[in-house]
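Take a first look at the model below. Then follow the text from the whole chain down to single residues.

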2 protein chains.
Amino acid sequence: MAKNESVSMSVIRRLPRYYRFLYDEMQNGAVRISSRELAERMGLTASQIRQDLNCFGEFGQQGYGYSVQTLYKKIGEILGMDELTPAVLVGAGNLGRAVAQHMPFETRGFRIVGVFDDAPQLIGQSLAGNTVRSTDELEALCAERHPVAAVLCIPKESAPALVARLVDAGVKAFWNFSHFDILRVYPQAVVENVHLGDSLMALSYQIAASENE
Amino acid sequence: MAKNESVSMSVIRRLPRYYRFLYDEMQNGAVRISSRELAERMGLTASQIRQDLNCFGEFGQQGYGYSVQTLYKKIGEILGMDELTPAVLVGAGNLGRAVAQHMPFETRGFRIVGVFDDAPQLIGQSLAGNTVRSTDELEALCAERHPVAAVLCIPKESAPALVARLVDAGVKAFWNFSHFDILRVYPQAVVENVHLGDSLMALSYQIAASENE
């Protein structure tokens, strides 16, 4: 599907919300929805919703609104949900295990094709339908399965060397839970950083600010 | 510390990054840093950094730059790190356990004063220095420890009833891993949503978009 190059990150960040919301509506039996209803339920304005969706083509019909199923499917295509991206999970400690067990990767556009950790007690265990392997096997697996993305659930200290190996092995996208700044070293990489601690500190700020109101 | 009411969320979201960065610099023995160095290392412009920090008062000295330790401490105060906010963790399943074990709450401004779950096999277990209790004890603990915040590691379905009880018991801030839209029901609440799946879908979009370039 053709992508509009000029779509801003703030629009892109709203798409998953639309996608989740439309899924719930479908489950509730909704067949169509107007941009006004969609706006009201999602806490946005109708004009914002029309603008967001217009970035990707014409979806709605004047006076009819949107077909919930069609819009869900279209947004899924825009998000790349229709083709699963092969990915490796690097780091099978507490965080890696929780991510693997909690996240339905296949309904979010990814298929985990390999799980790696260096801790001897983890190697050989089963996780997310994969057997945890030593990172010694990283290059061999990449040569065989061609993962495009890596989920990094490793400490910052281990990240530079592992990211270098992953990039050399053809991985170009990272879901990065480590605090290593990948883009600073690999500006061509596609990176989504997840800094949970930053989110917690932003909450702390808002609590402190609300107490001072 | 007085807060500037007009500080935008985008500035607030950068503060934790400054805070982490300055901590690393301190560990590396840095004593002072110019806004130009800070900018270069963080991928921002020097003028953006000066603007960000000016929102909170005068920190730097012309020609000297910033004292790393002073700036770290000041940003910590702005973020409310100097006073730990009491919080409960609700949900001690995979996600709750990973969050509890992975997140250094006390260096991010919070102290966990109670952990709750309804699964009989979890109640009585130890987690994050707390014993997992039945949610039946929620109100009693809130009356005793006055938590201001709740970390919600529960499914969307369980969230409405539990959030209602937490709000009634005086909790006003939520670190929300569930997909329940708290602000829609409690517009006065302070909420940080963590939608890990949305981040993963945004990564999928960027991969698809980069392949179509």
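What follows is a walk through a predicted model, from overall build to core, helices and a pocket.

Start with chain A. Its fold has 9 helices and 9 strands. The C-alpha trace spans about 60 × 50 × 35 Å along its principal axes. Of the 213 residues in chain A, 52% are buried. Now consider contacts in this chain between residues at least 6 apart in sequence. Among these, 59% join residues at least 24 apart.

Next comes the core. In soluble globular proteins, nonpolar side chains tend to be buried together. Here the largest nonpolar core holds 56 residues. Which of them touch the most other members? They are Trp175(A) and Trp175(B). Look at the surroundings of Trp175(A), leaving out residues up to four places away in sequence. Within chain A, this tryptophan touches Val99(A), Met103(A), Phe105(A), Ala150(A), Val151(A), Leu152(A), Glu192(A) and Val194(A). From chain B, it touches Leu196(B), Ser199(B), Leu200(B) and Leu203(B).

Is Ser199(A) buried or exposed? Its relative accessibility is 11%, so it counts as buried, the cut-off being under 20%. Setting aside neighbours within four places in sequence, Ser199(A) is in contact with Trp175(B), Glu192(B) and Val194(B).

Helix α6 covers residues 138-145, and its buried residues are Leu138(A), Leu141(A) and Cys142(A). Why do they line one face of the helix? Seen down the axis of α6(A), they fall within an arc of 100°, so they share that face. An α-helix has 3.6 residues a turn, so residues three or four places apart point the same way. On the other side of α6(A), Ala140(A), Ala143(A) and Glu144(A) are exposed. What covers the buried residues of α6(A)? The cover includes the strands β3 (85-90), β4 (110-116) and β6 (130-133), along with helix α7 (159-168), of chain A. After α6(A) comes His146(A), with a positive phi near 50°.

Gly80(A) follows α4(A), and its phi is positive, near 80°.

Now the second largest pocket. About 660 Å³ of space lies in it. Its lining has 25 residues. Which lie nearest the centre of this pocket? They are Lys156(A), His179(A), Arg20(B), Pro104(B) and Arg108(B). α9 (196-211) of chain A and α1 (9-27) of chain B each supply at least two lining residues. α1(B) gives the most, with 4 residues. By class, the lining has 12 nonpolar, 7 polar and 6 charged residues.

End at one residue in chain B. Pro160(B) lies in helix α7, residues 159-168. At 36% relative accessibility, Pro160(B) counts as partly exposed. How far apart are Pro160(B) and Val185(B)? In sequence they are 25 residues apart, and in space 8.9 Å, C-alpha to C-alpha.

Technical notes. Residues numbered from 1 in each chain as written. Chains lettered and ligands numbered in written order. Predicted model: local features only at pLDDT ≥ 70, side-chain atom pairs only at ≥ 80, totals over all residues. Heavy atoms only, no water. Core = buried A, V, L, I, M, F, W, Y, C linked by side-chain atoms within 4.5 Å. Buried < 20%, exposed > 50% of the residue type's maximum accessible area, 1.4 Å probe, protein only. Contact = heavy atoms within 4.5 Å. Arc of directions from axis to C-beta. 1 Å grid on protein atoms, 1.4 Å probe; cavity = no way out; pocket = protein on both sides within 12 Å on 5 of 7 lines; lining within 4 Å. Points joined across faces, edges and corners; volume = space filled by probe spheres on them. Nonpolar A, V, L, I, M, F, W, Y, C, P; charged D, E, K, R; others polar.
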